[in-house]
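Colleague: Before we discuss this model, could you put the sequence and the coordinates on the screen, and then take my questions one at a time?

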Amino acid sequence: MKLFRFNGGRIGVTIGNDSWDLTDALGIDIHAWPPVQMVQLIARFDERMAGVLEHPATRRLDMATARLEVPIEWPNKLLAFPVNYLKHGLEMKSVNRADLNGFFMKANSSLCGPNDAIVLPDLPDREIHHECELGIVIGKGGRNIRREDALSHVFGYACLIDMVVRGKEERVMRKSYDTFCPFGPWIVTADEVPDPAKLQARLWVNDELRQDANTRDLIVDIPSMIELSSSVATLYPGDIIATGTPEGVGPVKRGDRVRIAIEHVGEMTLQVR
Ligand code: MN
């Protein structure tokens with residue numbers, strides 16, 4: 001199923017060709033602060049979803065009326081792996097590599113949704129790059145999760161663009177500007193992704209194909225990313241892991257359109273402002 005946020009924090013689901021607004025049936029207060037409603041739902045997903053489609057407050061949803069928003073607004077953590085495809089390491093002449101350097105973090109507040117714009121900071125002499133990535137959403141949290149158990153901790157997947165100002169400042173700062181982590185357009189639950197290690201991921205800027213790679217070429221694969229990150233920090237439901245970018249990163253400028261599409265996951269197009 002596809003799980004999404006829309007129209008001001010409402011929560012909906014698509015199963016096959018049918019969509020529903022679950023907000024009232026789940027008793028979700030869209031005005032609650034902090035906005036952790038999706039994290040809370042993921043944490044007790046099976047229990048809260050049991051029988052929800054038959055609940056009298058569940059409404060059919062016409063997706064043409066739904067303006068999708070970032071599916072997880074306030075995760076506990078947004079972890080990201082650096083250079084995680086050999087060819088991207090070569091193009092960046094980078095000694096930073098996921099298998100050598102582990103992960104870093106982006107500010108949670110850099111997350112934005114499929115209908116938001118990527119807003120560039122006013123840094124006219126700097127290059128600001130797109131990085132096309134698969135986003136992992138943790139379902140069952142844990143510490144010291146073993147590789148062989150890792151995929152059972154995955155709730156689902158989404159498209160993720162890791163935006164970055166190239167340069168020498170601390171990476172966490174260059175990657176943490178507001179809107180620098182487009183994420184969505186929804187979360188596809190793990191059961192709908194036949195093999196996360198065989199997903200073609202593509203990114204276009206203004207219809208020019210810039211990145212085109214397959215997750216089979218990840219240097220640190222998904223189970224190892226979960227094993228490594230949970231060896232350092234407890235993973236919580238709703239945590240997001242950006243899996244690292246392949247080759248083909250490049251600059252964007254105001255007025256560009258950035259489109260990301262990942263097989264079995266979805267696609268979204270964002271304007272750059
Ligand atoms: Mn990245």
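Colleague: Which protein donors does the manganese ion have, and how far from the ion do they lie?

Modeller: This is a predicted model, in which local features need pLDDT of at least 70 and side-chain atom pairs count only at pLDDT 80 or more, while totals for chains, interfaces and linings use all residues. Residues are numbered from 1 along each chain as its sequence is written, and side-chain values use heavy atoms, with hydrogens and water left out. Donors are N, O and S atoms within 2.8 Å of the metal (3.2 Å for Na, K and Ca), and sites may look incomplete because water is not among the atoms. On that basis the protein donors are Glu131 (OE), Glu133 (OE) and Asp162 (OD), at 2.0 to 2.2 Å from the manganese ion.

Colleague: What spacing do the donors of the manganese ion follow along the chain, and how many residues apart are Glu133 and Asp162?

Modeller: Along the chain the donors follow the spacing E-x1-E-x28-D. Glu133 belongs to strand 10 (residues 132-138), whereas Asp162 sits in the loop between strand 11 (154-161) and strand 12 (164-165); strands here are DSSP runs (E, at least two residues), numbered from the N terminus. The pair thus links distant parts of the chain, 29 residues apart.

Colleague: Is Glu133 buried or exposed, and what is the relative accessible area of Asp162?

Modeller: Buried means under 20% relative accessible area, exposed means over 50%, and partly exposed lies in between (1.4 Å probe, protein chains only). Glu133, at 1% relative accessibility, counts as buried. Asp162 is buried too, its relative accessible area being 0%.

Colleague: In what order do the four strands of the open sheet run, and which are its edge strands?

Modeller: Two strands pair if DSSP finds at least two bridges between them. The four strands form an open sheet in the order 15-14-18-19, with antiparallel pairing. Each edge strand pairs on one side only, and the edges are strand 15 and strand 19 (266-271).

Colleague: Which residue in the turn between strand 14 and strand 15 has a positive phi?

Modeller: Strand 14 (residues 200-205) and strand 15 (residues 208-214) pair in the antiparallel sense over six bridges, and Gln200 stands opposite Asn214 in strand 15. The two strands form a hairpin with two residues between them, and the turn residue with a positive phi, of about 50°, is Asn206.
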